[in-house]
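Reader: I am new to this structure and would like to know what stands behind the words used for it. Could you take me through them?

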Amino acid sequence: MEDGLRQRLGLPQQEEASGSPLNETLTTDADGITVLNVSREDVEQGRLERYLREFKKYEKKRLRGKVTLIFDGYGQDPREIYQIREITNWIDRLMKNIPHLFYFLSRENYSMRIAFFCLSEVVGRAGLEVSITKEQGRRLIEKVVKSAVVYSRKLKEPAEAQFALAEGIVEELGYDQTIE
């Protein structure tokens, strides 16, 4: 990882990150992915309380990269999740209440990408490719990664876990595509 990016993300020096291998419990979970079903009614009413309580439980269980958000009731809607204003507003409010949201989000089922696009201003789409401005994408990726890393550090996770978390989010959200 480039040193300037490492500093912007609040990661320790690479030398600090070397040492013992990553603890197995930080990278695997025998229970697998936790699915959080979000009802259309809760989205449309702007209800977050129940979901904030769920994330408190996830914090205690340290479900890093293990949570997938599913929005129920939108199966017949022809729009993509990130095109539905009620969902993007709901995700934005969730992120304001849980700034380290991306610590929990899984790469499975594109949960992390969907949340990212909900927080972004999408400027175009061609097939499966979604476009946002490079500058906006870079800033948002750095923001969500930094918040996740700060939370990881607060949990006293080892530097290796912080780097793995940052690299996973950076890779999943396509940070390299935002560099000019």
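Author: Gladly! Let us start with accessibility: a residue is buried under 20% relative accessible area, exposed over 50%, and partly exposed in between (1.4 Å probe, protein chains only). The model is predicted, so local features need pLDDT of at least 70 and side-chain atom pairs pLDDT 80 or more, while totals for chains, interfaces and linings use all residues. Residues are numbered from 1 along each chain as its sequence is written, and side-chain values use heavy atoms, without hydrogens and water.

Reader: Why is E44 called partly exposed?

Author: The relative accessible area of E44 is 43%. That value falls between 20% and 50%, so E44 counts as partly exposed.

Reader: What makes E44 and R40 a salt bridge?

Author: A salt bridge needs a side-chain nitrogen of Lys or Arg within 4 Å of a carboxyl oxygen of Asp or Glu. In E44 and R40 the closest N and O atoms are 2.8 Å apart, so the pair meets the rule. By this rule there are 14 salt bridges.

Reader: Why is K96 called exposed, and what is D92 called?

Author: K96 has 64% relative accessibility, which is over 50%, so K96 is exposed. D92, at 30%, counts as partly exposed. These two residues also form a salt bridge, with the closest N and O atoms 2.9 Å apart.

Reader: How do you know that K96 and D92 are separated by about one helical turn?

Author: Both belong to helix α6 (residues 85–97), where they are four residues apart. Helices here are DSSP runs (H or I, at least four residues), numbered from the N terminus. An α-helix has 3.6 residues a turn, so residues three or four places apart point the same way.

Reader: What makes F55 and Y58 an edge-to-face aromatic pair?

Author: Rings of Phe, Tyr and Trp (its six-membered ring) pair if their centres lie within 6.5 Å; planes under 30 degrees apart are stacked, over 60 edge-to-face, and the rest tilted. The structure holds nine aromatic pairs. For F55 and Y58 the values are 5.2 Å centre to centre and 75° between the planes, so the pair is edge-to-face.

Reader: Are F55 and Y58 buried or exposed?

Author: F55 has 1% relative accessibility, so F55 counts as buried. Y58, with 4%, is buried too.

Reader: Why is helix α8 called largely enclosed?

Author: Seven of the nine residues of helix α8 (residues 111–119) are buried, so the rest of the structure largely encloses the helix. Among the buried residues are M112, F116 and L119.

Definitions and conventions. Helices (H or I, at least four residues) and strands (E, at least two) are DSSP runs, numbered from the N terminus.
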